[in-house]
Amino acid sequence: MKDMERFTEEAKMKAADAWNRFAEALADLGKTAEEAAETEARNFNDIARRLKNK
């Protein structure tokens with residue numbers, strides 16, 4: 001029975017580690033998307049400013 005309990009605890013820890021890695025990957029994707037949107041907005045504003053100044 002002790003082996004089964006230890007196996008269950010190890011499985012829980014591995015599942016928690018996998019979930020944390022998954023959550024970090026999702027956060028990185030969100031951060032990347034946010035950064036891309038900010039860059040796009042800056043580029044758009046730069047183009048608009050240049051056209052306005054012509």
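Predicted model: local features only at pLDDT ≥ 70, side-chain atom pairs only at ≥ 80, totals over all residues.
I'll start with the aromatics. The structure holds 1 aromatic pair. Its rings belong to tryptophan 19 and phenylalanine 22, with centres 5.5 Å apart and planes at 45°, so the pair is tilted. Both residues sit in helix α1, 3 residues apart, which is about one turn of the helix. How accessible are the two? Tryptophan 19 is exposed, at a relative accessible area of 55%, and phenylalanine 22 counts as partly exposed, at 43%.

Those two residues come up again on the surface. Together with Leu26 and Leu29, Trp19 and Phe22 make a nonpolar patch of about 470 Å². Leucine 29 is found in helix α1, which covers residues 2–53. With a relative accessible area of 57%, leucine 29 is exposed, because the cut-off for that class is over 50%.

Now the charged side chains. How many salt bridges does the structure hold? There are 2 salt bridges.

One joins lysine 12 to glutamate 9, at 3.6 Å from N to O. Glutamate 9 is partly exposed, with a relative accessible area of 43%.

Another joins arginine 49 to aspartate 46, at 3.1 Å from N to O. Arginine 49 and aspartate 46 are separated by about one helical turn, because they are 3 residues apart in helix α1. Arginine 49 is partly exposed at 47% relative accessibility, and aspartate 46 is also partly exposed, at 28%.

Definitions and conventions
Residues numbered from 1 in each chain as written. Heavy atoms only, no water. Patch = residues over 30% accessible without salt bridge, like charges linked within 9 Å, V, L, I, M, F, W, Y side chains within 5 Å. Areas by Shrake-Rupley, 256 points an atom, 1.4 Å probe, with all protein chains shown as cover. Salt bridge = Lys/Arg side-chain N within 4 Å of Asp/Glu carboxyl O. Helix = DSSP H or I, 4+ residues; strand = E, 2+ residues; numbered from the N terminus. Buried < 20%, exposed > 50% of the residue type's maximum accessible area, 1.4 Å probe, protein only. Phe/Tyr/Trp six-rings, centres within 6.5 Å; stacked < 30°, edge-to-face > 60°.
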